[in-house]
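Here is a friendly briefing to read alongside the model. Please keep the structure open as you go through the topics.

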Amino acid sequence: MAIADTPSAARRCSSSTGWRPGAIWPYLDGTGPSQGRVLCSRAGSPSSSGVVRPSPAHILGSDRCGFASGGVAGAAEAQNDIDVLNPPPEVEKLNHKKELLVQPSSSMDVNCQRSLTMYPCVTGTSVIAFKYKDGVIMACDTGASYGSTLRYKSVERIKAVGKHSLIGASGEFSDFQEILRYLDELTLSDHMWDDGNSLGPKEIHSYLTRVMYNRRNKFDPLWNSLVLGGVKKGPKGDEKYLGMVNMIGTHFEENYVATGFGNHLAIPILRAEWHEDITFEEAVKLVEKCLLVLLYRDRSSINKFQIAKITTEGPTIHPPYSLKAYWGFSHFENPAQGAVGSW
Amino acid sequence: MTGSMDLPAKGGFSFDLCRRNNMLQKNGLKLPGFRKTGTTIVGLVFQDGVVLGADTRATEGPIVADKNCEKIHFMAPNIYCCGAGTAADTEAVTDMVSSQLQLHRYATGRESRVVTALTLLKSHLFRYQGHVSAALVLGGVDCTGPHLHTVYPHGSTDTLPFATMGSGSLAAMSVFESKYKEGLTREEGIQLVSDAICAGIFNDLGSGSNVDVCVITKGKTEYLRNHQLPNPRTYASSKGYSFTKGQTEVLSTKITPLKQKVEVTEGGDAMEE
């Protein structure tokens, strides 16, 4: 692609409205959050990019970067004098759409019916997390199933967000990738303020809650259960935070959380054995205990796990490893020993 | 200029499917009935025998029908069976197999074997194709050693070193999977079973109240009813209420002697046999 597919390229092309975050991920049909949407929510003024959907030819053929910037630069001035209190209906309709940071899921052809998420396709299984002495520890397996087949075996379902948080997701994997994109935009645009402040886990959790709930209200959910954990310096020193959001928008903050099957198999163990200020070694042992039970009893779990931790020093995602499972019970060897020939 | 995609769809509940459901019901569709769930039953094999455990809550939908019911049923002096599912079904099926085992003991003159109970249960349940909703954990010690089996409503069975059934089975299984090992002693076995039932009681809404434990070893069975009471009722005053005499003011007193209404005649007709 000729234009704006690297931040440096975008920065090089100067435009009156400056480089917009998200300008590096255009969709093939020309739509994309870079159509001034992020900027709109802050500046409050519409850009013209909503009026004309640039065709692919326009994007590819243009030798000016910032297909949004090119169009906007000229039109922004023309539209600076719109009546904000009583905007014309055209502008009003576009404004309403543009103020959404979250774009409605669009199918390829703009003329066909919008498709709503009915069922997940590629799914990850449980994530478990809890607070420990130095921060938050999070773990999950690295598998993603396509229905009942284990399609992908090296998938990272825990990612770092900024310097202060970790996000883990179970459920539809493509929706998780979309959420990571939104979070990238969020952290980038926050970074652009350049005020020394950075988004903490509480803020990101709150943002994700709004995103998930709003999507649910449009009957087009992001089919995930997300776990958000982090540590950030607050008024009372280093504050650990751990919260969960699921696809219908239910959210809460807790000392230990789990998604999916982890709710049934790991939470009873955590409720019995978690305590405040557990050390990292004990935390890893507890996590491994839960992961082993999940390996035994969750059909979509695989024996390849990743543990991640977040402390004041930053996020660390350890490389994946396997756990030793025990199958040597004598009853497993010969179940019919009491009555030969029975089953 | 795009026309159809401009306005986002309105949110809120769409009642189209409710109309369809009503139409289907009018045409004779039966809506799915309510299934009774709500139990944690477990069993494990330890070095000398078998330990069975159960919670004591019986539910009727969202209501607790019986706070302290007995879910560990007698099959034979050396065989006990925990039951989950519809209470009537588990009671009836275990009673029936228990009487069959008794008749068999009279006929053979020997102690009943666990596999006998297992076969009687599974053939009965299979014949009813899952309509007898009884999910059982059957355990006992006979001349061939300790045995533990699970029986599912459709008639399939498993032979396992440790087993859980019921709605709290996942919570109890997480405890077993993390802590079970072979060759447990009697105290360790009872402790592990109690831990598993408590995990079910506190993490599953369908299970609650107290923990029942049954320990079966060669020649001896101990039924520890209400072995643990982790959900006690706490009254405001531990002594209960006490009302001293004179606490209630007496406003008036009226005494009515009862007239004798029955006349007793000597030497009447004796009752006919």
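Two strands count as paired if DSSP finds at least two bridges between them. Helices (H or I, at least four residues) and strands (E, at least two) are DSSP runs, numbered from the N terminus. With that in hand, A:Asp141 has A:Phe305 as its bridge partner in S12(A).

This is a predicted model, in which local features need pLDDT of at least 70 and side-chain atom pairs count only at pLDDT 80 or more, while totals for chains, interfaces and linings use all residues. Residues are numbered from 1 along each chain as its sequence is written, chains are lettered from A and ligands numbered from 1 in the order in which they are written, and side-chain values use heavy atoms, with hydrogens and water left out.

**The sheet of chain A**

- Five strands of chain A make an open, antiparallel sheet in the order S11-S2-S3-S12-S13.
- Strand S11 (256–258) and strand S13 (314–317) of chain A have a single partner strand each, so one side of each is left without a neighbour in the sheet.
- From one strand to the next, the twist averages 10 degrees; axes here are lines fitted to C-alpha atoms, for helices over the stretch in contact, and angles run from 0 to 180 degrees between N-to-C directions.
- Within this sheet, S3(A) and S12(A) run antiparallel and are joined by six bridges.

**The sheet of chain B**

- Chain B has an open sheet of five strands with antiparallel pairing, and the order is S10-S1-S2-S11-S12.
- Its edges are strand S10 (162–165) and strand S12 (220–228) of chain B, each of which pairs on one side only.
- Neighbouring strands of this sheet are turned against each other by 10 degrees on average, direction ignored.
- Strand S1 (residues 41–45) and strand S2 (residues 49–55) of chain B run antiparallel and are joined by five bridges; B:Gly53 in S2(B) is the bridge partner of B:Val42.
- Helix H4 (residues 169–179) of chain B lies across S1 and S10 of chain B, and runs at about 165 degrees to S10(B).

**Nonpolar cores**

- A nonpolar core is a set of buried Ala, Val, Leu, Ile, Met, Phe, Trp, Tyr and Cys residues joined through side-chain atoms within 4.5 Å. Buried means under 20% relative accessible area, exposed over 50%, and partly exposed in between (1.4 Å probe, protein chains only).
- The largest core has 41 residues, and those with the most contacts inside it are B:Leu44, B:Leu52, B:Phe176, B:Tyr180 and B:Val193.
- Among the elements of chain B that each supply at least two residues of this core are S1, S2, S10, H4 and strand S11 (211–217).
- Helix H5(B) gives the largest share of this core, eight residues.
- Contact means heavy atoms within 4.5 Å. Not counting residues up to four places away in sequence, B:Val193 touches B:Val42, B:Leu44, B:Val51, B:Leu52, B:Gly53, B:Phe176 and B:Val213.
- A second, separate core has 28 residues, including A:Phe130, A:Ala258, A:Ile267 and A:Phe305.

**Helix H10 of chain A**

- H10(A) has 18 residues and reaches 26 Å from its first C-alpha to its last, close to the 26 Å expected at 1.5 Å a residue; the expected span is 1.5 Å times one less than the number of residues.
- Among its buried residues are A:Ala283, A:Val287, A:Cys290, A:Leu294 and A:Leu295.
- The buried residues of H10(A) pack against several elements of chain A, including strand S2 (127–131) and helix H9 (267–273), together with H4 of chain B.
- A:Ser301 lies in the loop between helix H10 (280–297) and strand S12 (305–311) of chain A, and is buried because its relative accessible area is 10%.
- Leaving aside neighbours within four places in sequence, A:Ser301 is in contact with A:Thr125, A:Asp141, A:Leu294 and A:Leu295.

**An annotated residue in chain B**

- An unreviewed UniProt entry lists B:Thr39 for "active site"; such annotations may be inferred rather than shown by experiment, feature names are shortened, and positions are given in the numbering used here.
- B:Thr39 is found in the loop between helix H1 (16–26) and S1 of chain B, and is buried at a relative accessible area of 4%.
- Not counting residues up to four places away in sequence, the residues that B:Thr39 touches include B:Asp55, B:Lys71, B:Gly166 and B:Asp204.

**Positive phi in chain A**

- A:Phe219 is a residue other than glycine with a positive phi, near 60 degrees, and is partly exposed at 43% relative accessibility.
- A:Asp277, in the loop between H9 and H10 of chain A, has a positive phi of about 60 degrees although it is not a glycine.
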